[in-house]
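The entries follow in the order in which I looked them up.

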Amino acid sequence: MTALGRGFLALVLLFLYAPIAVMVLMGFNASDLYALPFSPTLHWFSELAGNDRLIAATRNSVLVALVTAGAATVLGTMAALALSRRSFRGKPLLRLLLLPPIAIPWLITGTAMLVFFFWTGIGRGLHAMILGHVALAIPYVVLVVGTGLAALRADLEEVAMSLGSTPLHVFWAVTLPLLAPSLIAAALFAFAVSLDQFVVSYFLAAPGVATLPVEIYSAIRKGFTPEINAVSTILLGASVGLFLVFAALTRIGTVERR
Amino acid sequence: MLLPAYGWLLVSVFLPLGAMLVFSFLKTNPFGSKAPLVFTTNNYLAFVTRPYLVGVAWTSLRLGFWTTGICAAVGLPAALAIARATRGRVRQTVFLLTILPFWTNGLVRVFSWTMLLRQGGILDDLVHLAAPGAASAGLLYSFPAVVIGLVHAYLPYMILTCYLAVASIDDALIDAARSLGARLPTVFATVVLPLALPGLVSGSILIFVPVIGSFMEPRILGGRIGVTMGTVIEDQFTQAYNWPLGSALSFSMLGVVLAIFAACSGVLRERLAA
């Protein structure tokens, strides 16, 4: 049974990763028709350096993701602190309100944002994308920081209070340092949510102002070229790097041993 | 403390949803004209006035059923295999590899399937290697291609939710059933499946809901035959500029989504509380 189970898992992982591996390899293949045999080249990557649209889109992506990570982490952490450290009426409702940004298909949220932003004169563009991305990232930040807060010993804060610290000082001297790994993890998560976000960005992109995924989408619709593989590979590398740091910070996957 | 976060959600999510609701009752786009707004319910009658939409909606639902079904058929055994056939570092690695795709761009993953599925693509090469002279598989731009892409995108959800459900099954339960003479299929049907059910249900919702709203997967992998509710709505906003109709279709879909959540709220609440 064990061998059968492991064999099955190997097949599932092959299904999940083989297409991605092929996609990455083709970014290093000389043929512009994705033809074999494989002959390695960095041509498509060096080609990217001259693609001004892609470079501008990359700059936009990173800018939006940085602002999103900062804003969502601050706002989400404040909400998480209030939700976990205080008791008040309406808390279940407030928790419930965090679900729509995650649970409603992005197609619906994205088109709704487009309608509202256009109607109110907020318009489209990077600022609109930031408005949207931060809203999508806040629930995740509340979740990650909330989990961190739950694991944090509340009695440490109480000890500091009973020794005469002010609440603000307790926060700076006790809570924040202990919470730091969760905060960094939440910020990384928010950064990744924004960097990989396509649907909402797509509807909120102004003509000539796109992010990397939006630019990739329009490139795919025009036709397949290995340049798309090269830029996709770079985006993939960035996501995987972020994931590895996040996994190390939150120790996911080692849950059962705690 | 709560105000900034919820204020932001109000402006970026809840007010837009409200605005879209109003919009869906408008007769024409209100932009650029001083004419007073004219309200109508016609946009919601689109399924009657545009009969082809019924077929499109059916395609979306079929995509949802196929994708969810295949994910369940593969995801539950995979979750069981992680929980039963691995331990220690192997389990940790497999677990991380399963959730890693959450972090990668969905568009990039869909694009990667075009490499394999297109005529003369890698899959064709493999088929020809095994059976020279065989006809080209050329799956790209077909219904199965879209399903494959969607399964690839959402399978990790099912493995994760099922794993969380089956990881807590006590070995003693299975040993007890076995020692009382139950065969493996019986153990699966009477012990494992009921305990895994909450994971299966929440996984199915997490997959079905975004699949019926998907538009880039059908667009890229389905080509001309990939017309779904998602692509129709996308067209209303980016090509046809019939925003009121797009809003009404979006809102109809939201209604379906909310109905699914309401129908399964019992199971979901248990999972959220856990």
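I located Tyr141(B) in the loop between helix H6 (122-130) and helix H7 (143-166) of chain B; helices are DSSP runs of H or I with at least four residues, numbered from the N terminus. The model is predicted: local features need pLDDT of at least 70, side-chain atom pairs count only at pLDDT 80 or more, and totals for chains, interfaces and linings use all residues. Residues are numbered from 1 along each chain as its sequence is written, chains are lettered from A in the order in which they are written, and side-chain values use heavy atoms, without hydrogens and water.

I noted a positive phi of about 65° for Tyr141(B), which is not a glycine. Most residues other than glycine have a negative phi. Tyr141(B) is partly exposed, with a relative accessible area of 45% (buried is under 20%, exposed over 50%, partly exposed in between; 1.4 Å probe, protein chains only).

I then turned to Tyr241(B), in the loop between helix H11 (229-238) and helix H12 (243-263) of chain B. Its phi is positive, near 55°, and Tyr241(B) is partly exposed at 48% relative accessible area.

Next I looked up the domains of chain A: domain 1 (1-41) and domain 2 (51-257), with bounds from an automatic or database domain assignment. Their centres, taken over C-alpha atoms, are 30 Å apart. Eight residues of domain 1 of chain A contact eight residues of domain 2 of chain A, contact meaning heavy atoms within 4.5 Å.

Terms used
Helix = DSSP H or I, 4+ residues; strand = E, 2+ residues; numbered from the N terminus.
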